[in-house]
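Subject: A structure for you to look at

Hi,

Here is the structure I promised to pass on. Please have a look at it first, and then read my notes below.

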Amino acid sequence: MAPTMTLHECCELMRANEIKISEPILGQMIEEGKFPFAVGVRRKEGAYIIFRAGAVRWLEEMLGTECAGKESE
């Protein structure tokens, strides 16, 4: 499993955990530094580095339970 994930994969992971979010909004939040597991810059299209393990840990901490969908990521 790769240590990073795409914006689409991260969005799908959040949706699997009942967090309704779109890719444009998730990208904007990453660019604004809202998530500790990802960095991004705005260009014509956003460029992101999203760390898979960090995203799963963050979700589990925020949800207070095991993260759904982490096996498929």
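In what follows, contact means heavy atoms within 4.5 Å. Helices (H or I, at least four residues) and strands (E, at least two) are DSSP runs, numbered from the N terminus. Buried stands for under 20% relative accessible area, exposed for over 50% and partly exposed for what lies in between, with a 1.4 Å probe and protein chains only.

Please keep in mind that this is a predicted model, where local features need pLDDT of at least 70 and side-chain atom pairs count only at pLDDT 80 or more, while totals for chains, interfaces and linings use all residues. Residues are numbered from 1 along each chain as its sequence is written, and side-chain values use heavy atoms, with hydrogens and water left out.

Let me start with helix α1, residues 7-16. Its buried residues are L7, C10, C11, L13 and M14. These cover an arc of only 160 degrees around the axis, which puts them on the same side of α1; the arc is that of the directions from the helix axis to the C-beta atoms. Among the elements covering them are β1 (4-5), α2 (23-31), β3 (47-51) and α3 (52-63). Just after α1, E18 has a positive phi of about 65 degrees.

Next, α3. R52, G54, A55, V56 and L59 are the buried residues of α3, and their cover includes β1, α1 and β3.

Three strands make an open sheet in the order β1-β3-β2, with antiparallel pairing. The edge strands are β1 and β2 (38-41), each of which pairs on one side only. Two strands count as paired if DSSP finds at least two bridges between them. β1 and β3 are joined by two bridges, and β2 and β3 by four. I50 in β3 is the bridge partner of M5, and I50 is also the bridge partner of A38.

α3 lies across β1 and β3, running at about 65 degrees to β3. Such angles run from 0 to 180 degrees between N-to-C directions, and the axes are lines fitted to C-alpha atoms, for helices over the stretch in contact.

Leaving out residues up to four places away in sequence, A38 touches I30, I49 and I50.

Finally, what is at the centre of the packing? A nonpolar core is a set of buried Ala, Val, Leu, Ile, Met, Phe, Trp, Tyr and Cys residues joined through side-chain atoms within 4.5 Å. The largest one has 17 residues, of which C10, L13, M14, L26, I30, F37 and I50 touch the most other members. α1, α2 and α3 each supply at least two residues of this core, and α1 gives the largest share, five residues. F37 is in contact with C10, M14, I49, I50, F51, G54, A55 and W58, neighbours within four places in sequence set aside.

Best wishes
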